[in-house]
Each structure stands twice: as structure tokens, then as C-alpha cells.
Amino acid sequence: MVVVLVENPGARAGSAVVRSRESRTRTGVAAAVAAVPVLLIALQVIAIREGFEGPLDSLWRDYVGTPKSMSVPWAGLILALVGISVRRRLVAVGVAVAIDVAWAGARLLAGEPFAIGNGPVIVLTALALLAWLRWTGAERRDALHAAALGALLILATKVGDVWLHITVIGRPTVLDEYVILADHALGDPSWVLGRAIDALGPVVYAVLHWVYIELPVAAIVVAVWQLRHVVSSGRWPSHYLVRTFLVLGLIGPLVYVLFPVVGPMFAYGPDGNGLQLGNYWPGVVPPIDRNPMPLPFDAAIPRNCMPSMHTAWALSVFLHTRRDIDGAPAPRWLRWGGAFWLLATLAATLGFGYHYGVDLVAGAVLCLTVESALREPERGWGWFRIRLVASGVAVLAALLLSYRYLAVPMADYPVFAGTVVLGLLAGLAAAFHATWFASVREPQQAPREVEHAAR
């Protein structure tokens, strides 16, 4: 009997695809790792020249000083823990708590304010070094992957703080006079929500304020849920919330410089440090000024309204709480939590006077566009994705141009203009849903499983 061994061309092709994908991933990771210190050093130089705290200064405080945030360092560590075993998680958390208690106690004895956050940053760094120098194989890869995500979350906040200063330096005037005219097309929702929150009392205010400032907490809960099986399954999902968060944080703030806006509570409220156009917000809607002009403004207030990044991030949280990473419906508690966080964030952004309604529309469009570019990468860049991303870019550009150059007609014809603005958002949202949520897709296979099946 003669046995003929025939090579399976599908196996060879499948292996080549996997190797090519892994090679591109390694190249991209290496480039990103190299770019991070360069970016931090460049921003630190700018900060020194302009006289404000740079990212390296802030990072140093996280290690040996008073951390700027108490929640972000812990969020970063919790995200890093998804890549290691349960026993190591317990050890890492215990060490981080011990360090935080020691540092907080020393600060209190010295008469300094209470703060925590040193412990998780130190432990996250030690975890990354230990994985890099001592561990091997999948154990090392998963730990470094998770530690990098946690570190990027922390570093992104440092970069974001510096960027807010740069928006002030680069744009001494703001476009609030144009934006408020465009906002008349939506019924001046910031004034409406501002009065409503005042009427609802301090409890509602406190809840909304906590939701607004603790958006990273919601993001970490969702991200940890999505990545909960990384160690046990030996694979990472192709897409998860942290990727959207980071890309939004890179792209969105660029618009701040193109379209500088400070918000109702500053341009039209008592927090404008004497540069406001009047103390209107939230009691009285300003009269329509048909000759808007760029407004010189305070160097201490960042131009970070357009688009509303809180809206973009909260919407991404909502989208990632609809389904599990394998396409199955998410648990009810997560779906309700995502919906609550989105609605509360929208109410806070408007009701606290931080944003105009048109800012929120732009933020939602940005989120849907970025999420369309990142979601389900295994499906490739077919026409279905290209047209959706291109439509999102076109809608965002059209909105920004109309806010700037058609603000007066939008205020003169608010019903028509508001219908167009909301219609553009609704159309993009409908296309997004039809592309990604209209049908239940098959559970994803890990690359190693695809390769094995090809054999």
C-alpha cells in the first residue's frame, strides 16, 4: 500500500496569513513603544518653555509625590491585571494597597492633603519589568500586553493635560459666538438642562458630577469584562473598548485647535473671569447676534469643547456594552449600566454648562466614525467599512464648517437647521447599526485556532 502525502494549500495559506498578521502587529507595537518616550519628551520641553507642568513632571509625582489623580492610576493597574493569573493579581493588589497606605500616611503626617495613587503606578511598573525580564512565552506576552494598556491609559491623561495647555497657547481666541448661534437650532439644550439640574437639587447634581469625572471607572469595568478570559483562553480579542478610547483620545483633541470653544459656563456665565459676554447661563438665553466674531479669552481656560470627548467616550462605552466580544448579547446589568452612563454623561455635559448641544452631536459622530474604523478588523476594509468611515468624516467636516460659516442662518431657521443636524447624526447612526448590529455574527476564532483548522 502506498501512502501519498499531499500538502494542503489551505494550511500553507492560512499559516502565511497568520504570520503576516503577527509580523504587522509586532512592527506596529514596536513603533508605538518607540514613539511614546519621544512624544513625552517633546511635550515636556514645550511645558518647560511655557511654564506649566509637563507629562514627565506629572509622572514623577505619581511615583514619589502627590498623584494628580487618585482613580486613573488604579484604573491603569486594574487593566494591567487582566494579563496575569489570579494569584499574581492578589499579590499585586496587596502590594499596591500597602504602598498607597504608607505614602498616604506619610503625607498626612507631614500635613499634606490625602491622596492615593503611588502604589498602583509602582506596582504596574514592577509588573512590566518582571514580565519582561523573568517570564517567557504566552505568560510574558499577555502580561506585557496588559501592562502596556494600563500604562497607556495613565500616560494618555498626562498627554491630554499638556494638550489642553497647548490649545490655549495656540488659539488665544475662541468661536463661542458662532457656536451658540448654531446651538439655537437644537433649542439651546445647555440652558434647558442647566435650569433643570438646578431645580432637581444637590443629590442629582452630585450623582451627575461623579459620573462625569469618573468616566475612566466605567471604561475599566467594561474593558475588564471584555478581557476577562485573556489568560484562560490564551488569546486577545480583535477589538475592545480600550482601543477605541485611545484612538479617540488621539484624534478628538486635534479638533480643539481647529475649532477652539470654551463652553457656555465660561463664555456666557460667571466663570469667564471677566471675559464672558454676560452672565446669561443658565438663566437667560443670550440674544441672537448676527455679527459673531472670534472672542479673545482667558489663558487659563482650555479650548476643549468641540467636539465633546466625554460624549464620544461615553457613547463608546455604551456601544461596547451591547454585546460580548464574540457577538453574544451582553448581560443585562452591563447593558443597563452602559445606557445609564451615557445618559448621565450627556445630562452632565449640558447641565453643567461645559458644552453646547452641537458639541455633543460632533462628539457622537466622531465616536461612530472611529468605532467603524476599528470594529471587527477581521472583516477587512471592504466597501461596507470605507463608505461608513468616509461618511462619518464627511458629516463631521460638514458640521464643523456649518457651525463656523452658517451659524447665523442656523439661528434664523432653527427648525430646518436642527432637523438637518440631527438627521445627519441619525443617518450615520442607522448606517452604523445596520453594519455592525443588525445581525448576530458568528463567534470569533483566535488566529491559532484558524491556523489549526486549516491543517
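Leaving aside neighbours within four places in sequence, which residues is Tyr356 in contact with? The list runs Asp176, Val179, Ile180, Asp183, Trp191, Val261, Gly263, Pro264, Ala267, Tyr268 and Leu350, where contact means heavy atoms within 4.5 Å.

A quick word on the ground rules. This is a predicted model, where local features need pLDDT of at least 70 and side-chain atom pairs count only at pLDDT 80 or more, while totals for chains, interfaces and linings use all residues. Residues are numbered from 1 along each chain as its sequence is written, and side-chain values use heavy atoms, with hydrogens and water left out.

**Cores**

Tyr356 also turns up in the largest nonpolar core, which has 78 residues; Phe259, Met306, Tyr356 and Tyr403 have the most contacts inside it. Helix α16 gives the most to this core, with ten residues. Apart from it lies another core of 17 residues, among them Val72, Ala92, Trp135 and Ile154. A nonpolar core here is a set of buried Ala, Val, Leu, Ile, Met, Phe, Trp, Tyr and Cys residues joined through side-chain atoms within 4.5 Å. Buried means under 20% relative accessible area, exposed over 50%, and partly exposed in between (1.4 Å probe, protein chains only). Helices (H or I, at least four residues) and strands (E, at least two) are DSSP runs, numbered from the N terminus.

**A pocket**

The second largest pocket has a volume of about 320 Å³. Its lining counts 18 residues, with Leu315, Leu342, Leu346, Ala364 and Leu425 nearest the centre. By class, that lining is 14 nonpolar, three polar and one charged. Helices α14 (309–320), α15 (332–351), α16 (357–374) and α19 (414–436) each supply at least two of the lining residues. For the cut-offs: on a 1 Å grid over the protein atoms alone, a pocket is an open set of points where a 1.4 Å probe fits, with protein on both sides within 12 Å along at least five of seven lines, and lining residues have an atom within 4 Å of a point.

**Salt bridges**

The structure holds eight salt bridges (a side-chain nitrogen of Lys or Arg within 4 Å of a carboxyl oxygen of Asp or Glu). Here are some of them:

| Pair | N to O distance |
|---|---|
| Arg61 and Glu53 | 2.8 Å |
| Glu139 and Arg88 | 2.4 Å |
| Arg290 and Asp412 | 2.8 Å |

Arg290 lies in the loop between α13 (264–267) and β2 (295–296) and Asp412 in helix α18 (residues 407–412), so this pair ties together parts 122 residues apart in sequence. Arg290 is partly exposed at 48% relative accessible area, and Asp412 is partly exposed at 31%.

How values were computed: Grid points are joined across faces, edges and corners, and a volume is the space filled by probe spheres set on the points. Ala, Val, Leu, Ile, Met, Phe, Trp, Tyr, Cys and Pro count as nonpolar, Asp, Glu, Lys and Arg as charged, and the others, Gly among them, as polar.
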